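Visitor: Could you take me through one part of this model at close range? I would enjoy a connected tour that starts from a single element and follows its surroundings.

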Amino acid sequence: MLVDRWGSFADRAFRRAEKAFGRLARRRGVAVAMVGVTSFCVTAALSILVRFPEPRLHDEFSYLLAADTFAHGRLTNPPHPLWVHFESVHIIQQPTYASKYPPGQGLFLAAGRMLGGHPMVGVWLSTALGCSAICWMLMGWLTPRWALLGGMLAIFHPLILGWSQGYWGGAVAMGGGALVLGAFRRIVRAPRTRDALLLGAGMAVLANSRPYEGLVLSLVLVGGLLSWMRSRASPEAREWVRLVLLPVALVLGMTGAWMGYYNLRVTGNALRMPYAVYEATYPIVPPFLWQKLRAEPVYRHKEIQAEHAQWELDFYEAQRTGSGLLVWGIGKTLVLSVGYFSLWGLALPLVALPFVIKNNKWMRFALLSCGLFVAGLLLVTWLQLQYAAPIMCLVLLLAVQGMRQMRLWRWRGLPTGQMLVAASLVLCFVSFVDFCKQVANQSKVDQLDWSSQRARLLSNLEQDGRRHLVIVKYGSEHPPQHEWVYNDADIDNSPVVWARDMSADQNRELVDYFAQRRVWLLEVNSGPPNLVPYSTPLGSMSSGERAY
């Protein structure tokens with residue numbers, strides 16, 4: 001009797017919550033906007049109240065260089081006459097000084113700097129737009145209330161929150177993938193020019209954020225569209241060409257022209273991306289497993305050599321055997337699974353997946369698209385979670401559709417399915433709280449991290465009011481991933497310039513060039529960094545106390 005009463009109470013409470021959620025979801029524009037505003041507030045609060053992110057990865061410094069370049073109204077920067085002192089990972093110095101990455105993430109960081117005074121504002125903005133795009137995408141695949149639920153789950157997803165607390169991207173490609181998949185589903189239902197333009201816009205975002213992954217997803221969807229067209233009558237197919245193909249071609253043509261112009265300004269060749277210039281200059285390990293090793297270039301700095309000719313080489317060679325490819329392929333798939341289901345409540349609805357794909361051809365297509373996309377990722381030499389960002393919306397789609405299917409389950413008259421859905425939502429909330437605790441705990445550890453030490457040193461030097469040159473001398477035990485030498489877009493006018501220690505003659509040339517600056521020597525090894533005034537004879541340190 002008690003069980004029956006509890007089941008009846010749970011059923012009534014669940015239905016009331018569904019009705020309230022449904023009323024809001026039916027106002028689709030309001031629902032999509034609400035998801036974006038909520039996401040912006042949550043991610044900004046996490047950064048401001050818990051831990052404000054400092055760049056620490058090679059990729060982040062490279063993206064920040066792009067942002068600084070764009071914020072100055074330029075697409076790239078002229079090479080510095082002493083560029084060999086400023087070489088660093090993921091940055092090209094010749095023929096121009098620029099980030100190797102596509103401009104998408106850098107443009108958002110630059111927008112954040114101009115609109116809110118800091119690049120992190122651009123990260124919050126890209127995350128908010130990405131979550132809104134997911135909600136909009138889901139409304140093309142699901143009923144409004146379940147689409148809104150998926151959008152809300154995106155806000156609190158630990159992986160998306162992690163992307164919102166760093167500078168190396170994820171949310172931009174996530175939003176691009178959501179635009180592409182949302183427009184695709186709407187076009188198949190009823191071809192319209194507006195959706196075709198959004199499809200092209202999504203492809204443009206992917207091309208300028210994650211080009212390879214965007215190409216894989218676009219090819220999958222093009223295959224789906226061609227298959228759909230074959231089943232249509234000839235007049236309908238011709239109408240599809242007018243309403244869809246031409247608008248998409250127009251957007252992609254404009255995108256190709258822009259990318260060609262950007263490449264021309266940065267590399268001098270409209271068909272050569274900055275990424276290709278960097279790959280030809282520094283790494284010996286190719287980005288794809290089917291490619292062969294390149295000849296080792298002449299490295300001017302042992303830290304860059306250690307990064308590209310040692311650590312990356314071991315990772316590549318481990319995957320070149322049949323057994324290694326299998327083991328690493330399984331490992332990569334598990335990493336993706338753990339990351340994309342780090343919102344714990346998304347895993348429970350997977351038990352309903354067999355019923356979902358049995359009764360719904362579009363869910364079968366979504367699952368197939370995920371499988372083909374992941375298969376394409378396994379061909380990449382190394383894998384990061386943000387590489388799969390374009391299909392984050394598909395993961396949420398399958399999980400929410402699983403909840404929708406599971407909700408109908410009953411056992412002995414009890415609404416067991418509703419209880420399982422409620423349990424899934426509770427698990428989602430618990431995983432969000434756990435992520436916040438991890439961020440708070442990490443903030444205590446980060447106080448001793450090298451990136452925090454670099455940020456504090458940079459802040460102290462900038463507040464000094466004078467201009468400084470910091471010559472960085474690495475010890476034999478210094479890990480190459482902890483790179484100190486990164487500079488602004490306009491090196492000569494930066495308050496602090498970071499340079500690599502080289503030979504006595506090269507250092508003398510550097511000091512003479514920056515004669516109006518106060519010069520420091522920074523020794524970096526496994527312990528705390530040691531900053532002292534740079535003294536003569538060149539290459540030696542004074543015995544004075546640490547400056548900062």
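**A close look at helix 16**

Guide: Let us start with the packing: the buried residues of helix 16 sit against helix 8 (171-189), helix 10 (211-230), helix 14 (322-340), helix 15 (353-359) and helix 17 (392-406). Please keep in mind that this is a predicted model.

Helix 16 itself covers residues 361-377, which makes 17 residues. From its first C-alpha to its last it reaches 24 Å, close to the 24 Å expected at 1.5 Å a residue. Its buried residues are Trp362, Met363, Phe365, Ala366, Ser369, Cys370, Phe373, Val374, Gly376 and Leu377. Looking down the axis of helix 16, you will find these buried residues within an arc of 170°, so they line one face of the helix. On the other side of helix 16, Lys361 and Leu368 are exposed.

Setting aside neighbours within four places in sequence, Trp141 is in contact with Trp362, Met363, Phe365 and Ala366, among others. The contacts of Trp141 also include Leu181, Gly182, Phe184 and Arg185, as well as Leu397.

For a contrast in secondary structure, turn to strand 4 (residues 496-500), where five of five residues are buried. Val496, Trp498 and Arg500 point one way from strand 4, while Val497 and Ala499 point the other way. Strand 4 pairs with strand 3 (residues 468-474) in the parallel sense, over five bridges, and Ala499 in strand 4 has Ile471 opposite.

One last stop is a loop residue. Gln93 lies between strand 1 (91-92) and strand 2 (98-99), and at 2% relative accessibility Gln93 counts as buried, because the cut-off for buried is under 20%. The side chain of Gln93 reaches the backbone oxygen of Phe86 at 3.0 Å. Beyond its neighbours within four places in sequence, Gln93 is in contact with Pro79, Trp83, Phe86, Glu87, Ser88 and Tyr282.

Key: Residues numbered from 1 in each chain as written. Predicted model: local features only at pLDDT ≥ 70, side-chain atom pairs only at ≥ 80, totals over all residues. Heavy atoms only, no water. Contact = heavy atoms within 4.5 Å. Buried < 20%, exposed > 50% of the residue type's maximum accessible area, 1.4 Å probe, protein only. Helix = DSSP H or I, 4+ residues; strand = E, 2+ residues; numbered from the N terminus. Pairing = 2+ DSSP bridges. Expected span 1.5 Å × (residues − 1). Arc of directions from axis to C-beta. Polar contact = N/O pair within 3.5 Å; in protein donor to acceptor, adjacent residues only side chain to side chain.
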